[in-house]
Amino acid sequence: MLDLTNLAIQRVTVFHIPEDQPTKAPGIPTGGQTLVQLSQQGKDMLKMRMVKALGAQSHGIEVSIDDVTPPSFFQQGAASLVGNDAAFLTGAGVLATMLAKAQNNVSLKASKLVVVGGTVTAHARPFLAVVKAELQDALSERTAANAQAIDHLKNIFMTESQRLYKIGFLQRTVGAVTHPHGVYDSNQHSVHLFDHLMTALETRSAAHYFYSGFLGCQTATSARSRTRDFYNQTMEFINTAGFPDVKRYDLFDALRADLRSNSATISVGDFGAAHMNVPDRAAYTGFMAGKMFPTNAVAKDTEFVKSKLRRRRKILFTSGITVTTPPDDLNLIRVVTNNDGSSTLHIPGTESSRE
Amino acid sequence: MNDADFAAWLAAQQPGLSAFGKYVVEEIKARLKADIGDERFKTFFKIEPNFRPKEIGSALSKKSIKKYPEPCYQMTDLVGARFVVLLRSDISIVERVLINCDSLWTSRRDREPKAESDKTPDAFRYQSVHYIVRNIADVFFEGTFIPAETACEVQIRTLLQHAYAELGHDRIYKSGAVVPPSVHRIVARSMALMETTDHLFCEAVEELERVNKDLAKWCSWLDDAYSAIGAPSLLSLDDDDAIKIIETYLGILLTADTIAVMDNFERFAAASVKGGAGSDDLFGRPVVILVYWLIHKHPIETAAAWPLPKFRPDLEAVAADLGVALS
């Protein structure tokens, strides 16, 4: 699980990533020659954006490191975690060029790449975050010579509400790494991703160039087992939390519906917020954390649970009456058609509630 | 003593009896005010304490019923004083003050509801604490002579007991008319209800006092803990925002202990807060120490119930220090 406590930002540099060149060749990044002197408020804001995107109860997801060959994002990033400022700036420059290359032919507008180095957790593990931020316009009020004026601000980025940014967060997960022949081990690191395009299936492919092309990571490897764990553990919570039957069935249906939906990620926070009141949400979050399920989002892949997500079977009658049955027990209900045009239903069990 | 002699004696005693009634009321009020403080005293009595000498006709009728051989001494309610308070627990405060006036008068408990209910636990009747006080020495009060051994009956009641007495005791038991059993039953039920209500009032007040004590305890601990970081912009008890935060989460705080709260703060936050000491935002206030614990241990409940929209950005900054994304 990603632990972003004690996140301290130590080094920051910024690149301008232009559009592709007229020749269709990748744009050539500029900037990043020196470290940015960020005020404390600026650091605080950057930290808040990163935690909000990736921290506990966020939509950030863990991705698996796929491309470990030099000069991949992983190898370059891992080498830049430590070292002096000059090495950090050189490494960041390489990453900026890699991003420009990864987004070649994707028809993207110019953007900023912020490369952030620092430490995180009580163990002060080094991290490197790459933040690709799209540029926006905004207005700002100014008072000059006792008159109010509104300025048009161009090229601002990382505003709170739009979330037009993507973050790749590479973190060392062990105290001492081994890097024979200068090659780092992906098992001693983790990468987390936030991309506002990743949350919906429709826009997921648009995010591909960033997490796959640039970061060299994949979302699928753990997604199937994570999704199965999410289903099984959430079911266990619903069954053991002492909910009344009606609420229990509602939550079962909500779980199946959320897993069938077009959302590309699932998270404990979202499921709780959508379907439970505050005390139940807190209990659910605590239960899932106890099961070591990630507190942020995970990529959704329902391959292992698809048989459980079948819709409830519906039986419609000519009078407009509908009866539904659990999808797993297709033969539970027996319908006998009578000569007078009515039907007799044989249902195991007695009535427990009606709405 | 025949009725005419008694009536003549009583008429002559009226100024002294009234003066003694007033003397008792004023003494108890003054000492109580010194005991509980001006602020509480302002609302302590629910009906202004008063006194009343017994009417001569009423005294004569009581004398003939009770057949007192020495009515001048034996009739102890020739002047009465009454104190009406809110709760049973307030009664004992008045009792304590009355008993402690032992340099002015002797006091003897005449009626005591607890002893009466112990004797007949299944009955619900008129309840009031009665004392008979007699001045020890001759007294001149406001120019009137009060001979030693003058008696005054002091009644101390709750507001609910007073309401019952007004209806049940005076209108039903003292009316002399025949009262059907059904009315006795209804009145007994109302007394039972009043006793229950009084009990619940006392419980509510105790709970409130406990909460206020918790609140005060947290405030003073937070001020102490914060002083290691810097001077707080406001002491917590004077800080309406801090009190609102603590009150909002008092239920959750029952599970908090100061060692865990401080440990959490030192591990995740002390450095961040140092920069904010002296500011007017959340970081300049001692309550921030508690907010770190709340967000770390109970992020969902804390975010959902956060009472101060103006400090929402500060709350998110706290969450960022703890690696938590608030929705």
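Q: What are helices and strands here?
A: Both are DSSP runs, numbered from the N terminus: helices are H or I with at least four residues, and strands are E with at least two. The expected span of a helix is 1.5 Å times one less than its number of residues.

Q: What kind of model is this, and how are residues numbered?
A: It is a predicted model: local features need pLDDT of at least 70, side-chain atom pairs count only at pLDDT 80 or more, and totals for chains, interfaces and linings use all residues. Residues are numbered from 1 along each chain as its sequence is written, chains are lettered from A and ligands numbered from 1 in the order in which they are written, and side-chain values use heavy atoms, with hydrogens and water left out.

Q: OK, helix α1 of chain A. How far does it reach?
A: It covers residues 40-54, which is 15 residues. From first C-alpha to last it reaches 21 Å, close to the 21 Å expected at 1.5 Å a residue.

Q: Which of its residues are buried?
A: Buried means under 20% relative accessible area, exposed means over 50%, and partly exposed is in between (1.4 Å probe, protein chains only). The buried residues of α1(A) include A:G42, A:L46, A:M50 and A:L54. A:K47, A:R49 and A:K52 are also among them.

Q: Switching to strands. What about β5 of chain A?
A: Strand β5(A) spans residues 125-134. Nine of its ten residues are buried, so the rest of the structure largely encloses it.

Q: Which way does it run against β4(A), and over how many bridges?
A: The two run antiparallel, joined by ten bridges. Strands count as paired if DSSP finds at least two bridges between them. Strand β4(A) is residues 111-120. A:V120 has A:R125 as its bridge partner in β5(A).

Q: What sits between β4(A) and β5(A)?
A: Four residues, and the two strands form a hairpin. In the turn, A:T121 has a positive phi of about 70°.

Q: And β8(A), how does that pair with β5(A)?
A: Also in the antiparallel sense, over seven bridges. Strand β8(A) is residues 165-172. There, A:F169 is the bridge partner of A:A129.

Q: Are they buried or exposed?
A: A:F127 is buried at 1% relative accessibility, and A:F169 is buried at 0%.

Q: How do A:F237 and A:F287 sit?
A: They are tilted, 5.4 Å centre to centre with 55° between the planes. A:F237 is in helix α6 and A:F287 in helix α9 of chain A, 50 residues apart. A:F237 is buried, with 6% relative accessible area. Both belong to one aromatic cluster, which also includes A:F230 and A:Y284.

Q: What do A:K291 and A:E236 do?
A: Their side chains meet in a salt bridge, 3.2 Å from N to O. A:K291 is in the loop between α9 and β12 of chain A, A:E236 in helix α6, and they are 55 residues apart. A:K291 is partly exposed at 33% relative accessibility. A:E236 is partly exposed too, at 34%.

Q: And B:E48 with B:K29?
A: That salt bridge is 2.8 Å, N to O. B:E48 lies in strand β1 and B:K29 in helix α1 of chain B, so the pair ties together parts 19 residues apart in sequence. B:E48 is exposed at 53%, whereas B:K29 is buried at 17%.

Q: Which residues of chain B form a network?
A: B:D239, B:D241, B:R285 and B:K310 are linked by salt bridges.

Q: Last one: how many helices and strands in chain B?
A: It has 15 helices and seven strands. Of its 327 residues, 45% count as buried.

Technical notes: Salt bridge = Lys/Arg side-chain N within 4 Å of Asp/Glu carboxyl O. Phe/Tyr/Trp six-rings, centres within 6.5 Å; stacked < 30°, edge-to-face > 60°.
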